Structure formats: C-alpha cells, structure tokens
Amino acid sequence: MIKSVESVAQEFLTPQQRCLKTPNPVKSKPVVVDKGTTPTPVEAATTQPRFCIEEHPGDQPRQIRVGVVGAGISGITAGILLPAKVPGINLTILEKNADVGGAWFENTYPGVRCDVPAHVYQSGFAPNTQWKEEFAQGTEIRQYWQDIARRYEVYKYLRLQRKVLRAEWQPNEAQWKVTIQDLRNDKIYSENFDIFITALGYFNTWRIPEFQDMDKFQGTIFHSSDWDHSVPLDGKRIALIGNGASGIQILPEIQPVAAQVDHYARSRTWIVHPPNVEGDWQRGLFTAEKLESFRDPQTYLQYRKEKEAEFFRGFATCFQNSPENDFLRQMWTASMLQRVENNTTLLNDLIPDFPPCCRRPTPGPGYLEALIKPNVELIRSGIERFARDGILAADGVERKAEIVICATGANSDLVPPFPIIGAAGLDLRAAWGADGGLYGFPYTYLGMATPGFPNALWLGGPHVVGPSGTVPNCMENQVTYIAKMIRKVRGQGIRTFVPAKKAADDFLEYCLAFFPRTVWTGNDDLTPGKANCRSWMNGGRPNGFVHGLFPGSASLANYARRDPRWEDWEYTYTNPSGNRFAYLGNGWTTREMQPDADLTPHLKQQDHIDLKSYLEGWWDV
C-alpha cells in the first residue's frame with residue numbers, strides 16, 4: 001500500500017501530537033510503508049510529542065528575559081557589553097541603591113580611594129586619560145563609572161532602589177521568579193526571568209561585628225561602609241577597629257583632627273610602597289604636563305599598557321618560597337621600617353607572620369606615618385568587651401572612646417544575601433555556607449555557575465579574578481563569556497542549561513591541587529613568616545578553601561573563558577519533542593527573506609581580510 005509521508009505521520013500521531021499544516025504544503029514523494037513493520041526507536045520509544053518543523057527562519061532568536069542583580073562595576077559592564085554582543089536583548093538590572101557604582105557608591109568614608117592605580121581600574125574600551133591622582137579617590141572613581149553608564153545608555157535597563165528578596169527556580173516555566181522590594185514605597189512584587197545573573201561583588205554585604213556588651217556603649221558606633229557624616233570627629237576620642245583597606249585609609253584622615261585614636265588591629269598586614277609612582281607617592285598627583293601628554297592617544301596607550309603589564313606579570317609573587325615573593329618581603333619590610341622612622345618595636349607589631357600576598361596588600365598612603373603620631377595607639381590585643389564609655393581590650397586596659405568606627409570589611413564568604421532556591425529546592429546560601437552548608441564554600445563551575453541551579457550565572461563572584469591582571473579586564477572577559485552563552489541559548493532553542501556536576505567536580509579537584517602551591521593556603525604555621533592568613537580570598541578562614549581567586553593567572557582565566565566548553569553543560573530544549581536541531585526552523589535564514597540583504601559578507605577586498613578572524617564572527621551570518 002502506497003501512502004505519502006505526511007499521511008503516515010498524521011496517522012501515527014495522536015490528535016494532540018499532530019503538526020499544524022504549513023500554509024503551502026509541498027507534495028512529498030510517495031514511499032512504501034508496511035503496516036506490520038515494527039516502529040523505529042525514534043517512533044516508538046518516546047513519550048514526548050513527535051518532532052515537527054518549527055515555522056520560522058533558523059537564525060531567528062527567541063525572545064528571552066535576562067535579569068541582573070547589582071549595578072557595581074560588574075553590573076555596569078554587563079549593561080554595556082550584553083546589549084552590544086546580544087542585539088535586542090531584553091535586559092533588566094536590579095539595583096538596591098539610588099544610583100550605580102556598588103561599593104564606590106556606598107563607601108563615602110574619609111580617605112576612600114583605589115588601592116591600585118586608577119589607570120588599571122577602568123574599562124578597556126572607555127579609558128579616562130585625566131585621572132587626577134595615581135590612586136584615585138572614591139568620588140572620582142564613582143563619577144567615572146556613572147559617566148560611562150550614561151554614555152553607553154545603561155540607565156535604560158536599570159531599576160534603581162529595587163532590593164531583591166528572593167529568587168526561586170520555576171521548573172514548569174523554566175524561569176526564575178525574583179521577588180523584589182521597591183525601596184521607594186516598600187511595595188513587594190515579583191518578575192520572571194529566563195536567565196538570572198548575580199553581580200553582587202565581593203564587598204557588598206558589610207556588617208558590624210558583635211562584641212560583648214556592645215549594647216551598653218553610650219557613644220556613637222557606625223560602620224565604615226555606612227559612614228555617618230553628621231557625626232563630628234574634631235577633638236574626639238575615637239576607636240578605629242580593623243586594619244583592612246578601609247581602616248588603613250581612614251586612619252591618616254582622622255588622626256589630624258581627633259584628640260586620640262585607638263587603633264584596634266588584631267591582624268598584621270603588609271603595607272606596600274607601590275613601584276614606579278612619580279612624585280609625591282602618598283597622594284600620587286599627576287603633573288599638568290603629564291596629564292597633557294595623556295591627551296595624545298598613542299602616548300597614553302603606551303603608558304597604560306606598561307602600567308597594566310606590571311599587574312599581569314605579577315603572578316610569580318603568589319607562589320610559596322618563590323624568589324619573587326621573597327623579594328617582596330625584603331622590599332616591603334625595608335619600606336615599612338623607613339616609613340615608621342626606624343621604630344623597630346612598632347615594626348615588630350606590623351610585620352605579618354604570613355608571606356606577602358597572602359592577604360591583599362595595600363599601599364596605605366599616610367597610614368604608617370599616622371601610626372607614629374603621639375595621638376595614635378596601635379592595640380594588637382583583641383577586644384574583650386565594650387564598656388559604657390569605652391572598650392576593654394584583652395590586654396586588660398580599658399580605653400575611653402566617644403566614637404567607634406568599625407572598619408571591619410564585608411562578608412567574605414560570597415554567600416548571597418538573599419535566598420536563591422535551585423531546581424531541587426536547595427538554597428544556595430545553605431549550600432555555600434561555611435557553617436554546616438552542603439559544600440561549606442562556593443562550589444562552582446569555573447566561577448560561572450553551580451550544578452542544580454539552571455539558567456543562573458554568577459558574575460564577579462567566586463573564582464573570577466586572577467591574582468594577577470586587573471579587575472575590570474576580568475569582568476569584561478566574564479561578561480563576554482555570558483554573552484556567548486545567551487546567544488547560544490536564545491539562538492539554538494535551549495530551554496535550560498546547567499553545568500554538569502562532573503565538570504564542576506573536576507574544576508574543584510583542580511583548585512584543591514593548585515592552591516597549596518600558593519601563599520593563600522597550605523602554609524606552614526610552625527615556621528616564622530610562613531603562616532596562613534585570614535582574608536577575603538579564603539572566606540576569612542586561615543587555610544580555608546580559596547574561592548576568591550581563579551586557580552591560575554589572570555591571563556589563564558581569560559584563556560579558559562575565551563572559548564566556552566559547551567560539552568561541560570547539560571541542556572533541555574524548547575521544542576516539545578526535545579529535538580536539539582528544532583531551532584533550524586523552516587530551513588531558511590532571516591537574511592534570505594530580505595531582498596536587499598548582503599548574503600555574501602565573507603567577500604571583501606583581499607587586503608581587508610584577516611585570516612585570524614575570517615569566518616569567525618557571529619554577527620555576519
């Protein structure tokens with residue numbers, strides 16, 4: 001019996017499974033079908049609907065909603081690069097603050113500034129040639145990032161003063177339901193996104209530490225990230241707790257005006273004399289002549305490349321017992337001794353028992369110089385408890401204080417500040433939390449995503465930045481990776497994507513094998529100068545799992561993310577049949593339907609063809 005292919009297909013399918021007829025069906029060649037023949041596995045072994053051609057051009061991307069949480073440097077970078085690399089993207093950026101800038105918007109304490117040269121702390125595509133200082137102050141940095149957000153129209157994607165309360169995966173819709181609080185009116189509502197991206201940063205969740213009897217203190221207490229500018233400091237007795245980057249920057253600003261500053265710094269830290277800084281390095285002001293020379297594009301490019309290359313070539317200093325690390329120890333020790341005017345007693349309280357680079361070093365302009373002033377006391381013993389009008393230290397001395405400034409940093413465990421509920425009902429906070437969590441640390445694939453959390457990506461989170469290189473460059477490479485993922489998802493009919501657990505486990509295994517070579521973990525606590533340290537790189541746990549850095553140089557991180565390993569991901573598809581090639585649609589491309597379209601973009605003048613990029617672009621097909 002002879003039947004057409006179409007009639008056989010319609011006979012085999014249930015009414016619910018039958019494909020819609022095309023407007024202009026093409027006659028098919030007849031085929032011979034034996035009704036007694038056993039159906040093929042494709043025909044008989046599936047409970048899914050049969051595959052049907054989707055009536056759309058194969059290159060027509062489906063519309064998906066992408067939600068980004070956070071508008072610091074990483075969120076701003078996403079707001080600039082994603083629309084350029086994913087044309088027509090439906091993008092929303094949720095930010096709890098009243099403007100962009102992240103930590104640079106929130107931190108307004110006296111002395112807040114960049115602890116690396118400003119010329120390496122800017123975007124690769126929109127540089128500022130006119131930074132006033134080598135280590136730019138927070139106001140100038142905030143203004144720069146807000147300016148480029150305006151220049152590249154990031155604000156049209158922004159929803160400011162929107163605090164995310166919860167994100168939960170909806171398996172039936174294959175979307176993330178994000179619960180949001182509008183801080184302008186306290187209204188709570190929800191939005192759904194096909195792809196959910198966190199861009200929360202490293203230093204976003206600050207907290208005041210809990211000390212015994214803190215509630216009995218009658219003076220003023222505030223955190224450096226929540227500076228109370230209404231509190232006068234002139235002539236006051238001030239307790240400054242913490243000697244991380246913020247404490248180091250605050251001390252030289254408040255010392256000249258305070259009657260007394262008691263600086264509680266339980267941990268030691270390396271204070272760096274930055275290399276190749278011209279003039280007065282304490283402030284690093286650029287001369288008018290130098291700024292004018294930067295207006296020449298070639299001159300500035302050469303300066304910038306040389307400055308940034310210093311950071312990309314700094315990887316060797318991160319290895320245990322390396323000559324480069326030993327050289328830093330000698331150089332920084334000599335510099336610190338000189339800056340405290342050869343006060344060896346004070347220096348002994350400052351030089352760490354851990355190697356250079358175990359904690360993030362900071363230049364600290366004016367910090368060491370402030371420590372030797374008569375109205376400053378460095379207290380290395382811990383805090384026993386608070387009193388009504390002061391602090392009792394572990395050394396048994398109660399010191400009076402009118403104002404307590406907690407320069408104690410932010411949570412360094414990178415656990416998100418709101419619930420993120422994955423496919424199996426697991427909260428990412430419970431999975432990553434150090435105290436009884438499923439993993440006890442941020443468990444990820446390349447720092448980009450986590451098994452069990454489909455369609456979710458982490459930007460600027462664990463394992464992102466290399467120990468060398470620059471933060472903006474790392475963010476730009478990561479956003480470019482994410483753009484490739486979004487193009488694949490919306491262009492190839494992908495409903496869900498998630499990293500395979502084996503791929504994440506392999507990455508974890510590599511991390512566990514690599515990091516003991518470095519000064520960040522696995523040090524010998526019994527050898528002087530070789531101890532482990534507490535830092536944001538290991539979640540504040542000496543010898544803890546290093547999750548704050550990529551397991552390799554910044555150049556290697558860029559290399560690893562340049563070409564995504566698509567085989568490390570698991571996918572489901574939008575076509576009801578699950579056919580991965582359904583996205584090919586009706587066999588045509590959109591361009592072919594346009595009479596004036598250029599169907600031969602590969603043809604160019606011979607001298608305009610670069611064989612390295614020839615036929616590589618996603619934008620010309």
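With a disulfide taken as a pair of cysteine sulfur atoms within 2.5 Å, the count comes to one disulfide. The structure is a predicted model, in which local features need pLDDT of at least 70 and side-chain atom pairs count only at pLDDT 80 or more, whereas totals for chains, interfaces and linings use all residues. Residues are numbered from 1 along each chain as its sequence is written, and side-chain values use heavy atoms, with hydrogens and water left out.

The disulfide joins C358 to C533, with an S to S distance of 2.1 Å. The torsion about its S-S bond is about -100°, so the disulfide is left-handed. The pair links distant parts of the chain, since C358 lies in the loop between α10 (344-348) and α11 (367-371) and C533 in the loop between α14 (501-514) and α15 (554-562), 175 residues apart. Helices (H or I, at least four residues) and strands (E, at least two) are here DSSP runs, numbered from the N terminus. Residues are called buried under 20% relative accessible area, exposed over 50% and partly exposed in between, with a 1.4 Å probe and protein chains only. C358 counts as buried because its relative accessibility is 0%, and C533 counts as buried at 3%. C114, by contrast, is in no disulfide, the nearest cysteine sulfur being that of C474, 14 Å away; C114 counts as buried at 2% relative accessibility. C474 is likewise in no disulfide, and its nearest cysteine sulfur, that of C318, is 12 Å away. At 1% relative accessibility, C474 counts as buried.

For the chain as a whole, there are 15 helices and 21 strands. Its C-alpha atoms fill a box of roughly 105 × 60 × 50 Å, taken along the principal axes, and 50% of the 621 residues count as buried. With contact meaning heavy atoms within 4.5 Å, 70% of the contacts between residues at least 6 apart in sequence join residues at least 24 apart.

The axes of α13 (residues 471-491) and α15 come within 9 Å and cross at roughly 10°, where axes are lines fitted to C-alpha atoms, for helices over the stretch in contact, and angles run from 0 to 180 degrees between N-to-C directions. That crossing makes α13 roughly parallel to α15, given that angles under 35 degrees count as roughly parallel, over 145 as roughly antiparallel, 65 to 115 as roughly perpendicular and the rest as oblique. The contact is made by N473, N477, Y481 and K484 of α13 and by N558, R561 and R562 of α15. By class, it has one nonpolar, three polar and three charged residues, with Ala, Val, Leu, Ile, Met, Phe, Trp, Tyr, Cys and Pro counted as nonpolar, Asp, Glu, Lys and Arg as charged, and the others, Gly among them, as polar.

Turning to the strands, two are said to pair if DSSP finds at least two bridges between them. An open sheet of five strands has the order β5-β4-β3-β9-β19, with parallel pairing. Its edges are β5 (158-160) and β19 (456-458), each with a single partner strand, so one side of each is left without a neighbour in the sheet. Neighbouring strands of this sheet are turned by 20° against each other on average, direction ignored. Within it, β9 (residues 195-198) and β19 are joined in the parallel sense over three bridges, and F196 stands opposite A456 in β19.

A further open sheet, of four strands in the order β8-β7-β6-β18, has mixed pairing. Here β8 (187-193) and β18 (420-421) stand at the edges, each with a single partner strand, so one side of each lacks a neighbour in the sheet. Strands β6 (residues 162-170) and β7 (residues 175-182) pair in the antiparallel sense over eight bridges, with R166 opposite T179 in β7.

Strand β15 (residues 390-393) takes part in two hairpins. Four bridges join it, antiparallel, to β14 (residues 383-387), where I383 stands opposite A393, and two residues lie between the strands of this hairpin. Three bridges join β15 to the antiparallel β16 (residues 398-400), in which K400 is the bridge partner of G390. This second hairpin has four residues between its strands, and G396 in the turn has a positive phi of about 90°. In a regular strand the side chains alternate between the two faces of the sheet. In β15, G390 and L392 point one way and I391 and A393 the other way, and all are buried.
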